[in-house]
Amino acid sequence: MATSDFKLTYATMFNPPEELHAHFEDAVKRLRSQMGKEYPMIIGGEERKSAEKFENRAPWDTELVLGRFQKGTAEDAENALAAARKAFPAWSKTPWQERVNLLRKTADLIDERIYAIGAAMSMEVGKNRMEALGDVAETAELIRYACDSMERNDGYVVEMGRDPLSGFNSRNVSILRPYGVWLIISPFNFPCALTGGPAGAALVTGNTIVIKPATDTPWSPFMLAEAFRDAGIPDGVVNFVTGPGSTLGQALSSSPEVDGVTFTGSFDVGMGIYREFAAGKHVRPIILELGGKNPAIVSRHANLDDAATGVVRSAFGLQGQKCSACSRVLVDETIYDDLLERVVALTQKLVIGDPTQRIVNMGPVINSNSYNDFRHFAEDLRQNGTILTGGKTLTEGEYSHGYFCSPTLVTDLPADHPLWKREMFVPISTIAPFRTMKEAMRRANDVAYGLTAGFYGSPEEAEWFFENIEAGVTYANRPQGATTGAWPGFQPFGGWKGSGASGKNAGGHYYLPLYMREQIRNVVSRD
Ligand code: NDP
C-alpha cells in the first residue's frame, strides 16, 4: 500500500503517516457496527452454508463475537474440490496474460480494502494495527510479485536447442504447465499473506484452488476470497471453505482429488500431511512452510542499541507468534550485561491491550491453548532459569476477558533445557552469554528448525555468519527486526531443515515454478 509517498512494509511500519491511523479507526468503527454477522463459504461461485456454525471470538475480549462461520464437512471438502476440478480446464487454458490481469485487479482491490481487511484481522488475530495492515499490504504485494514473475519469464516458455538432424527441422520448447487442483491451508498468524501469497502463485500459473484458513481467523481470509471473486476470477477457480482442521482439513488433505498442496503451519501437522500425501497413488508436489526457533547472535562489535531494538521487535511482535519470532538470543559475554539492560528496558516499555488501539504494541495470544501454554512454559522457566521480566498473564481490568501475556525474557536456563529447542509460539525469549562465536554458531544451528536468523556485529563477522548459519532468511545489523519483517521481492521467505520443504522462498524468483510441471514439446518437420 502507498499513501502519498509512504510505502508500507514491515520495515517502514514504525512511522506511518497520520491519515493511515484515521482510515484504520474509521474501518474499526464500521466493523464494530456489524459484529456477529454470519459468513458463508464460497464453492463454485456460490455462497454455501452448512448445518453447524462456529463463532469467531476476539482473543482480546472473548465476550465479543466477531462473526459466525460455517463448520464445513467432508462433503463440503468434496464439493469444493469438485468445483475446482471443473473450473481447471478453462482456467488453465486462459492465456497467462489474462490471468495476470485478473490477479493484478485482485491485488488492487485488496489495497483498496486494506483498512477493512486490516481492521478485521487486527480484531480476530489480536495483531496490532500496523502489523495487521502490513499483512494485508504484503498479500497484495505477493500476488503482484507472482504476476511480475510470470511476465518476466514470458509465461515460462523457453525455446530449447534444435536437434542436429540433417533433412529434418527438430524444434524443442520447454513449457511449464499447472498441476490442477491446488489446496491451500493457512495458519492463524498471517491469515491473509499466507493464504493470498500461495493463492496468487497457484492461480497465476493456471491452477484452481481450495482455501482453508485457520479456525481462529476465518474473517480476513473470507474478505480475501471476496476480493478474488469481485476482481472477476471465474466461478470455481477460487473456493473457500471453513471448519476444523481435524475434520474438514483432514478430508481435504487426504483427498486424491488434490494435485498439490501449500501448507503453512506447525511442524507436527505439516509433517502429518506430508506423510499422508506421500501415500497417494503417485508423487504430488507439496510446499510446506513450518515452524521456527530463530536465533539472534550479538557479537562484541555490535551496535547495542540496534541489537536491543531489533531483538525486542522480533521477540514480541505479534506476541511472539510469528514463525520468524526471535525466540533465542546469544550474546557475547563481554557485552552481555549491557545488552540485557537495554533489552529489558525496551521490553518493559511495550504497551499491551486492545490491538486496534494506536498506542498498543502487543495484543493477546490467539486462544486458550496458547494462553495455557504460556502459563506452563513460564512456570517451567521460573523453576529452571531466571525470569528477567514478564512471566505473568494479565487478568485485571481491561485484560480480564482476553488472553493477555506479559512479554517474557529468561536467562540462566541450562543449555540442555528442552525449551531452548522447542517452538513455544508465545511471547517468551531465552537469552544466554557465549564465549566464542563458534560456540554461538553451534548453538544457533543446534535445533530442528532453520527459518530465520539475525546477527549484530562487524561486516566481516556478518559474512561469516551468513556462510555458517543454517537458515533460509538471514539478516545482519537490522534494528527494524532481528529475525522478522521479510517483504516480498526484498526478502523472499522460506525455511531450511524442519522449517520448510521446498528450499525455495515465497515472494522470490524461484517460487512460481513450484506450482508448475515441465513439458518438453518436440516437433519434427522435414526440411
Ligand atoms: P496449525 O498447524 O495448528 O494449523 C495450521 C492450519 O492447518 C490451520 O488451518 C489448521 O486448521 C489446519 N489443520 C490442522 N490440522 C489439520 C489436518 N489434520 N489436516 C489438514 N489441516 C489441518 O498452525 P497454527 O495455525 O497454530 O500456526 C502456527 C504455526 O504455523 C507455527 O508453528 C508457525 O511457526 C507456523 N508458521 C510458519 C510460517 C512459515 O512461513 N514457515 C509462517 C506462519 C506460521 P484449524 O485452525 O481448524 O485447526
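Biologist: What makes Glu25 partly exposed?

Modeller: Its relative accessible area is 35%. Buried means under 20%, exposed over 50%, and partly exposed in between, with a 1.4 Å probe and protein chains only. So Glu25, at 35%, is partly exposed.

Biologist: What kind of model is this?

Modeller: This is a predicted model, where local features need pLDDT of at least 70, side-chain atom pairs count only at pLDDT 80 or more, and totals for chains, interfaces and linings use all residues. Residues are numbered from 1 along each chain as its sequence is written, and side-chain values use heavy atoms, leaving out hydrogens and water.

Biologist: Why is the contact of Glu25 and Arg129 called a salt bridge?

Modeller: The term requires a side-chain nitrogen of Lys or Arg within 4 Å of a carboxyl oxygen of Asp or Glu. Here N to O is 2.8 Å, so the pair qualifies. Glu25 sits in helix H1 and Arg129 in helix H5, 104 residues apart. Helices are DSSP runs (H or I, at least four residues), numbered from the N terminus.

Biologist: Why does Arg129 count as buried?

Modeller: Its relative accessibility is 3%. That is under 20%, so Arg129 is buried.

Biologist: How do you know that Arg104 and Asp148 meet in a salt bridge?

Modeller: Their N to O distance is 2.9 Å. That is within 4 Å, so the term applies. Arg104 lies in helix H3 and Asp148 in helix H5, so the pair ties together parts 44 residues apart in sequence.

Biologist: How many salt bridges does the structure hold?

Modeller: It holds 30.

How values were computed. Helices (H or I, at least four residues) and strands (E, at least two) are DSSP runs, numbered from the N terminus.
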